[in-house]
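Please find below a short note on the structure shown here. The points are numbered so that each may be checked against the model in turn.

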Amino acid sequence: MSNFTHIDAAGNPSMVDVGEKAITRRTAKARSIVVLDDAILERLTNEEIHTKKGPVFQTAIIAGVMAAKKTGDLIPLCHPLGLENCQIHISVNEKKEVVIECTASLTGKTGIEMEALTGASVAALTIYDMCKAFSHNIIIKETRLIEKTGGKKDFKLEEN
């Protein structure tokens, strides 16, 4: 079993020293799924929900990108990273779930998965915030890493 990377030899929290790591192209994709009440989904037209606060999905995309850029400020011990790209796609699947996918990339010495996860998470929270006036029966069902490349090892979620 490997050791936690953010704990030093004395058991204290510690930022990972990435000074000696190789610079590689790094990408990550994360997904959040939001389940909306029928009262909210009835307002879905042309792949968007409009509220007094504005278009829900478009606002969630902007919020997700802004959050991904601020991940180093939000998550303790995360390195501040200069994202080279961050794209968020929102759709409604056949189960009538809102699927948010955030793909982030950079060329650097450390991660990108936390940025993708943060982007997807904040986009989901923004959808909740903008739709709660219609119903509080909203579930942010899951947020997970779908794939990542670069660094020590790649990862791809095996889905059934």
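1. A disulfide is a pair of cysteine sulfur atoms within 2.5 Å. By this rule the count is zero disulfides. C78 takes part in no disulfide, the nearest cysteine sulfur, that of C102, being 14 Å away. The sulfur of C131 is too far for a bond, because the closest cysteine sulfur, in C102, is 19 Å from it.

2. This is a predicted model, in which local features need pLDDT of at least 70 and side-chain atom pairs count only at pLDDT 80 or more, while totals for chains, interfaces and linings use all residues. Residues are numbered from 1 along each chain as its sequence is written, and side-chain values use heavy atoms, with hydrogens and water left out.

3. The protein averages a pLDDT of 92, and 98% of the residues score at least 70. Helices (H or I, at least four residues) and strands (E, at least two) are DSSP runs, numbered from the N terminus. Among these elements, helix 2 has the highest mean pLDDT (98) and strand 2 (residues 44-45) the lowest (88).

4. Which order do the strands of the open sheet follow? Five strands are arranged as 5-6-1-7-8, with antiparallel pairing; two strands pair if DSSP finds at least two bridges between them. Strand 5 (85-92) and strand 8 (155-156) are the edge strands, each pairing on one side only.

5. Strand 6 (residues 97-108) runs antiparallel to strand 1 (residues 24-35), and twelve bridges join them. Within this pair, K29 has T103 as its bridge partner, and T27 stands opposite S105. Strand 6 also pairs with strand 5 in the antiparallel sense, over eight bridges; here I88 stands opposite C102. Strands 5 and 6 form a hairpin with four residues between them, and K96 in the turn has a positive phi of about 65°.

6. Is C131 buried or exposed? Buried means under 20% relative accessible area, exposed over 50%, and partly exposed in between (1.4 Å probe, protein chains only). C131 is buried, at 0%, and C78 also counts as buried, at 15%. Nine of the twelve residues of strand 6 are buried, so this strand is largely enclosed by the rest of the structure.

7. Helix 2 (residues 56-69) lies across strand 5 and strand 6, at about 150° to strand 5. Helix 4 (residues 113-131) lies across strands 1, 5, 6 and 7, at about 25° to strand 1. Axes are lines fitted to C-alpha atoms, for helices over the stretch in contact (heavy atoms within 4.5 Å), and angles run from 0 to 180 degrees between N-to-C directions.

Key. pLDDT = per-residue confidence, 0-100.
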